[in-house]
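Try each task before you read its solution.

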Amino acid sequence: MQAGILAWILPGAGHYWLGHKKLAAVFFAAISLPYLTGAAIGGVKTTLNPFLNHWLFLAELGVGSYTAAGFFLANSVGGIDARETAAIIRRTGAFSALSPERQNARESQIVRYVSYYPSADVAQIYLAVAGLLNLLAILDAIARAQTGGEPVFYHELATAAARRAEGAA
Amino acid sequence: MSGWELLAQVPFVHPLTIPPGARMWFFLPLAFCVAVVYRATRARSTEGLLRGALITFLNIVVGMAAIAIAAYGLHQAVLYFWP
């Protein structure tokens, strides 16, 4: 279980803890690269905002530390938090009650942090895929912790071979 | 310039602009990362991992291209038979 938690906090950390240092480096690079690329292209203000796209944020939560850091940054930058950013972009909540002049002023405060098509599309796909890939890595780390380091694929092969041998005997 | 405004000039805070035509090319590195992670979950060690990942990457690219061509053909057929 510790391996799974470590893998959730940082891609590859679970495998490193289990002693698979080279595999850990592979997982770290192959998951961090798309995640950080997506965050850099889209900017954290709109791509790491649970109030704008719940499902995207759920997928991003697959990588715990990066998403926590990105959410903290999204909340801090520009003096407008994530919830208010979502309200401004969707033109809902207290924002909709403001005068047109004040609405324009609030929008101009966040416009430099907001990504648009096609950057927003690419960023969302990269972030979601990276988060889901880390779920795969977490499950693999948990499986390896239970099977003495063997990936599930080989563990199943060995189990099937043992069953066949028992059947023949 | 305040500290936050200075920070806004760095990646992760200020979004990057990519040209519209480049969007499709971003599929290739992402597909390679998917292939690497998938093969790594089935590997005992990193030996032969790159070769396996390249084969999986090609499978993904060819498969996705085949799906795109089939979808395009279906789209054209629908337009032809039900204009």
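**Exercise 1. Describe the overall build of chain A.**

Start with burial: in this predicted model, 40% of the 169 residues in chain A are buried. Next, look at the secondary structure, where chain A has ten helices and zero strands. Then turn to the dimensions. The radius of gyration of chain A is 21 Å, while a compact globule of 169 residues would come near 15 Å. Along the principal axes, the C-alpha atoms of chain A fill a box of roughly 85 × 30 × 30 Å. Finally, check the contacts: among those in chain A with a separation of 6 or more, 66% join residues 24 or more positions apart.

**Exercise 2. Work out how helices H3 and H9 of chain A are oriented to each other, and what lies between them.**

Two quantities describe a pair of packed helices: the angle between their axes and the distance between those axes. For H3(A), residues 21–42, and H9(A), residues 119–146, the angle is about 155° and the axes are 8 Å apart. Angles over 145 degrees count as roughly antiparallel, so H3(A) is roughly antiparallel to H9(A). The crossing of H3(A) and H9(A) is left-handed.

Now find the residues in the contact. From H3(A) they include Phe27(A), Ile31(A), Pro34(A) and Gly38(A); from H9(A) they include Ala123(A), Tyr126(A), Leu127(A) and Ala130(A). Sorted by class, the contact of H3(A) with H9(A) has 15 nonpolar, six polar and no charged residues.

**Exercise 3. Find which elements of chain A touch chain B, and which of them gives the most residues.**

Begin with the totals: chain A brings 34 residues to the contact and chain B brings 27. On the side of chain A that touches chain B, the elements giving two or more residues are H3, H9 and H10 (152–168). H3(A) gives the most, with twelve residues. By class, this side of chain A has 24 nonpolar, six polar and four charged residues.

**Exercise 4. Decide how H9(A) and H2(B) are oriented: parallel or antiparallel?**

Take the geometry as your first step: H9(A) and H2(B), residues 27–41 of chain B, pack at about 5° with their axes 10 Å apart. Angles under 35 degrees count as roughly parallel, and H9(A) and H2(B) are therefore roughly parallel to each other.

The second step is the contact itself. H9(A) takes part with residues including Tyr126(A), Val129(A) and Leu133(A), and H2(B) with residues including Leu30(B), Cys33(B) and Val37(B). The contact of H9(A) with H2(B) has nine nonpolar, one polar and one charged residues.

Technical notes: Residues are numbered from 1 along each chain as its sequence is written. Chains are lettered from A and ligands numbered from 1 in the order in which they are written. This is a predicted model: local features need pLDDT of at least 70, side-chain atom pairs count only at pLDDT 80 or more; totals for chains, interfaces and linings use all residues. Axes are lines fitted to C-alpha atoms, for helices over the stretch in contact, and angles run from 0 to 180 degrees between N-to-C directions. Helices (H or I, at least four residues) and strands (E, at least two) are DSSP runs, numbered from the N terminus. Angles under 35 degrees count as roughly parallel, over 145 as roughly antiparallel, 65 to 115 as roughly perpendicular and the rest as oblique. A crossing is left-handed if the near helix is turned anticlockwise from the far one by less than a right angle, and right-handed if clockwise. Two residues are in contact if their C-beta atoms, placed from the backbone, lie within 7 Å. Ala, Val, Leu, Ile, Met, Phe, Trp, Tyr, Cys and Pro count as nonpolar, Asp, Glu, Lys and Arg as charged, and the others, Gly among them, as polar. The radius of gyration is taken over C-alpha atoms; the globule rule is 2.2 Å times the number of residues to the power 0.38. A residue is buried if 20 or more other C-beta atoms lie within 10 Å of its own, exposed if 12 or fewer, and partly exposed in between; C-beta atoms are placed from the backbone.
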